[in-house]
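Here is a short report on charged contacts and aromatic pairs. Keep the structure open while reading.

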Amino acid sequence: MAAASSSDSDACGAESNEANSKWLDAHYDPMANIHTFSACLALADLHGDGEYKLVVGDLGPGGQQPRLKVLKGPLVMTESPLPALPAAAATFLMEQHEPRTPALALASGPCVYVYKNLRPYFKFSLPQLPPNPLEQDLWNQAKEMSLPSVPVFLEVSGQFDVEFRLAAACRNGNIYILRRDSKHPKYCIELSAQPVGLIRVHKVLVVGSTQDSLHGFTHKGKKLWTVQMPAAILTMNLLEQHSRGLQAVMAGLANGEVRIYRDKALLNVIHTPDAVTSLCFGRYGREDNTLIMTTRGGGLIIKILKRTAVFVEGGSEVGPPPAQAMKLNVPRKTRLYVDQTLREREAGTAMHRAFQTDLYLLRLRAARAYLQALESSLSPLSTTAREPLKLHAVVQGLGPTFKLTLHLQNTSTTRPVLGLLVCFLYNEALYSLPRAFFKVPLLVPGLNYPLETFVESLSNKGISDIIKVLVLREGQSAPLLSAHVNMPGSEGLAAA
């Protein structure tokens, strides 16, 4: 009877844990014989039938017999040998016509293999061949970006033709951030230990280190937060739930836990029977939110996120937060506080009326100033629907020669703007410009056009003034928009 009661309590406990969990256990095979890491996992609809498969670059037991495996559900659908150990796997679209079935790119040894319909299609290797001139130009641009050390993790955001940022975690323990036009790193993040993972969540770079901690940095290198882990970090990846707009970081630890963080807030903890060495989250089969994990012993774990599951910050803690029990240090009431309280009680109506009168006057003056700015085109934003423009001015230099850059942008979505002029109004006794009036080229929608000129300061007393910038249309006297540039004092003349 005692044994029966204990077994019943264990069964009830397991059912309650399953009910409280946010995940459904779809599959667990400790003998799946899959040895890989997160970079070699990819989910894609390889046949265009809406059924997403799992692509695995398998290292093989002990790093021997590497193979390319494609799984459908819990079963291996295809398997082919690889000539060398895989380094990364990714899917991409090669064709524009329907059905748009993705191709698979697999880095293995010194080559990149491209598979289409799970068959070898291309092979890119490293021997020196005469490159295409367009490709040579792109490689020259990429070659100009030099790093002080060998990168081990890369995180890229943006578009190559417009603007992009590249974050590289290197073997010297630093993270270097480059931009599109920079030949050398613009920012450097110095870590106190070697990085073990690099993930971008919105505008935050999340770095895992060998000191068993997660760090959050901005793209300019400012540290935002640090979270200490209970064990060593083995792998990291991004969890993105499109239906709820959630982005979080998954970290697989050596103690058999998978922790999910949004910034420094712990959202969920998953306990696994073995340490997890690779993570992948996305659409698998026909389920949108599926978590796939492989373990150190070669096992495969598949979990499905419940459709009713909601991640709440601090959801693993029960009860009110500790800060709620802390007493506030409220200061004692002074004689001045008591007198002021009595005054407000007696003259409350008059004080409210005076406040409302001042508030109405402030709104009236702001409306008049806004109307005057619209009528005289004193705003840096154009309000006309025909020429939707935006103007921004930047002054560079110490003097007596300054560089004035005007950033003019056509904010329309479809219509280009042509026939614009730029005019400068300034005190000729203080400044000299080579061109005070010039034409603007055709403005393509969405692009930022920098227009540069030089301003020579003529005063040797360090006096500065305002330069007015007007954007006009040919044949019209009223400007479309304008900007007032506050010129700095010439430090070069003052020092002389």
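## A positive patch

Lys 203 is found in the loop that joins strand 14 (195-201) to strand 15 (204-209). The model is predicted. Lys 203 has a relative accessible area of 68% and is exposed, since the cut-off for exposed is over 50%.

Together with Arg 165, Lys 186 and Lys 220, Lys 203 forms a patch of positive charge on the surface.

## Salt bridges

The count of salt bridges is twelve. One of them joins the side chains of Arg 286 and Glu 51, at 3.2 Å from N to O. Arg 286 sits in the loop between strand 22 (276-284) and strand 23 (287-295), and Glu 51 in the loop between strand 2 (41-44) and strand 3 (53-58), so the pair ties together parts 235 residues apart in sequence. Arg 286 is exposed, at 53% relative accessible area. Glu 51 is buried, at 18%.

Glu 155 and Arg 200 also meet through their side chains in a salt bridge, at 4.0 Å from N to O. This pair links distant parts of the chain: Glu 155 belongs to strand 10 (residues 151-159) and Arg 200 to strand 14, 45 residues apart. Glu 155 is buried at 18% relative accessibility. Arg 200 is partly exposed at 26%.

A further salt bridge pairs the side chains of Lys 439 and Glu 474, at 3.9 Å from N to O. Lys 439 lies in strand 29 (residues 437-440), and Glu 474 in the loop between strand 31 (466-473) and strand 32 (481-486), 35 residues apart. Lys 439 is exposed, with 62% relative accessibility. Glu 474 is partly exposed, with a relative accessible area of 44%.

## Aromatic pairs

The structure holds five aromatic pairs. In one, the ring centres of Trp 23 and Phe 311 are 6.4 Å apart and the planes are at 50°, so the pair is tilted. Trp 23 lies in strand 1 (residues 23-29) and Phe 311 in the loop between strand 24 (300-305) and helix 3 (335-346), so the pair ties together parts 288 residues apart in sequence. Both Trp 23 and Phe 311 are buried.

Tyr 121 and Phe 122 have ring centres 4.5 Å apart and planes at 70°, so this pair is edge-to-face. Tyr 121 is partly exposed, with a relative accessible area of 42%. Phe 122 is partly exposed too, at 41% relative accessibility.

Which residues do ring pairs link into a cluster? They are Trp 23, Phe 281 and Phe 311.

Note on methods:
Residues numbered from 1 in each chain as written. Predicted model: local features only at pLDDT ≥ 70, side-chain atom pairs only at ≥ 80, totals over all residues. Heavy atoms only, no water. Patch = residues over 30% accessible without salt bridge, like charges linked within 9 Å, V, L, I, M, F, W, Y side chains within 5 Å. Areas by Shrake-Rupley, 256 points an atom, 1.4 Å probe, with all protein chains shown as cover. Lys, Arg positive; Asp, Glu negative; His and termini not counted. Charge placed at Lys NZ, Arg CZ, Asp CG, Glu CD. Helix = DSSP H or I, 4+ residues; strand = E, 2+ residues; numbered from the N terminus. Buried < 20%, exposed > 50% of the residue type's maximum accessible area, 1.4 Å probe, protein only. Phe/Tyr/Trp six-rings, centres within 6.5 Å; stacked < 30°, edge-to-face > 60°.
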